[in-house]
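Trainee: Could you walk me through this model before I set anything up with it? I'd like to go from the overall layout down to single contacts.

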Amino acid sequence: MRRIFLMLAATLMMWSTAAAGNPSCALLTFDDDTRFDQVQTAGALSQMVMGRLTNSKAFNLSVFAPIDAEIGSASLENQTRGYEKMKKAMVDGNFDEVFEEVGDVHKVQSIATAQVGQCINPEITSELGEDNDAEYLIHGTIINLGVGNWMKEDYSAMSRAINMASSFTGMPTAAGAVSVSGLGSLSSIDVKKSGIGVQCDVRVIKASTGEIVWLKRFTGVGTQKMIQTAIGQFGRDKLNDALRTKALEQVADKIVGAMVADLKAQKLF
C-alpha cells in the first residue's frame, strides 16, 4: 500500500512540475454571441472546460474557477466618446478622427471576429492578468447554438450508419428518415434524427499585450433518434436540455483535447 501511495505521489509531483513549467493561465467566463444568451449556455460551458483543464493537470492554472469579466464589451472604446466623435463627423463631414486608426488590422473590431495576431485592448487584458497572476487568458465565444446547416458535418457519421443499414435492404434513404422493408410484419421503419448543436471559438490571449496567440473553432452535437414501427414508437424527437448538455460536453472535450495536444506540441503559447 505504501509503495502504491509513493508511486501516486511521484506521478502527481511529475504532473505538477510539468504544469508549473508552463506559463500561468486563467480562464475567463465565455461569451454567448447568439440570440439564446439567456439560456446561460456560456457559463455552463466555461465550467465544463475549467473542470477538464484542471483534470488534465497539463496547465499551470493560476485560478481554479472561471473569472467573470465582460471582456467583449470592456475591450471596446468608450462608447460615449465614440458617439461624440461620430456626431461631430456627421456635422463637418470629416471622418479622420472617427477612423483614426484606419489600416490598423492588428486591433480587433470585436471579440467575436478577432483573429490570431490581432490585439484586444491591452489595458483590459493586462489588468486581468495582473489581478489573477496569469500570463495568458483563455476565452471563448459561442457563435452558434441550436440547429442549422453548420451542424451537418457532425451529422455525417450518423447518416453514413443509417445509409449503410438501409443498403442491405436496397432501399434509398434521406437525411431525416429511413424506410426499411423485408422485415416481415414490420413493413416499414421510420427513423427521425434530431439534435442540438453548439459551436464555439476559443482563443488564448497574451495578457501583457492583448495579442491573440491561438484560436480554434469547435462544434459539438447532441443527437437522438425516434424510431416509428408498425408496433410502436421508440425514442424521442423533441428537443430537450439533455441534448444541449451532450453537445456542451462534446465541445468541452474537444476544446481541452486540442489545447493539451497543442501544448505538448509547443503550438499553444
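Predicted model: local features only at pLDDT ≥ 70, side-chain atom pairs only at ≥ 80, totals over all residues.

Trainee: How many helices and strands does the protein chain have?

Mentor: There are seven helices and seven strands in the protein chain, where helices (H or I, at least four residues) and strands (E, at least two) are DSSP runs numbered from the N terminus. Read from the N terminus on, the order of elements is α-β-β-α-β-α-α-α-β-α-β-β-β-α.

Trainee: And what share of the residues is buried?

Mentor: Of the 269 residues, 37% count as buried, a class that means under 20% relative accessible area, with exposed over 50% and partly exposed in between (1.4 Å probe, protein chains only). The protein chain exposes about 15,600 Å², of which carbon and sulfur atoms supply 56%; the areas come from the Shrake-Rupley method with a 1.4 Å probe, and for residues only the protein chains shown count as cover.

Trainee: Which residues of H2 are buried?

Mentor: In H2 the buried residues are Thr41, Ala42, Leu45, Ser46, Met48, Val49, Met50 and Leu53. Helix H2 itself (residues 41-56) reaches 23 Å with its 16 residues, close to the 22 Å expected.

Trainee: What sits on either side of H2?

Mentor: Gln40, in the loop between strand S2 (31-32) and H2, has a positive phi of about 65 degrees although it is not a glycine, and at 61% relative accessibility Gln40 counts as exposed. Lys57, in the loop between H2 and strand S3 (60-61), also shows a positive phi, near 55 degrees, in a residue other than glycine, but Lys57 is partly exposed at 33% relative accessibility.

Trainee: Switching to packing: which residues of the largest nonpolar core touch the most other members?

Mentor: Of its 33 residues, those are Phe30, Leu45, Val49, Leu53, Phe59 and Met259; a nonpolar core is a set of buried Ala, Val, Leu, Ile, Met, Phe, Trp, Tyr and Cys residues joined through side-chain atoms within 4.5 Å. Strand S1 (24-27), H2, strand S4 (136-146), strand S5 (190-206), strand S6 (212-229) and H7 each supply at least two residues of this core, and H7 gives the most, with ten residues. Another core lies apart from it and has 15 residues, among them Ile67, Ala69, Leu137 and Ile212.

Trainee: What does Phe59 touch?

Mentor: Not counting residues up to four places away in sequence, Phe59 touches Ala19, Leu53, Met259, Val260, Leu263 and Leu268, where contact means heavy atoms within 4.5 Å.

Trainee: And why is the pair of Tyr136 and Phe269 called tilted?

Mentor: The ring centres of Tyr136 and Phe269 are 4.7 Å apart and the planes stand at 45 degrees, so the pair is tilted; rings of Phe, Tyr and Trp (its six-membered ring) pair if their centres lie within 6.5 Å, with planes under 30 degrees apart counted as stacked, over 60 as edge-to-face and the rest as tilted. The pair links distant parts of the chain, with Tyr136 in strand S4 and Phe269 in the segment after H7, 133 residues apart. Tyr136 is buried at 12% relative accessible area, whereas Phe269 is partly exposed at 30%.

Trainee: Last one: which residues is Ser24 in contact with?

Mentor: Leaving aside neighbours within four places in sequence, Ser24 is in contact with Asn60, Asp133, Ala134, Glu135 and Tyr136. Ser24 is in strand S1 and counts as buried at 10% relative accessibility.

Key
Residues numbered from 1 in each chain as written. Heavy atoms only, no water. Expected span 1.5 Å × (residues − 1).
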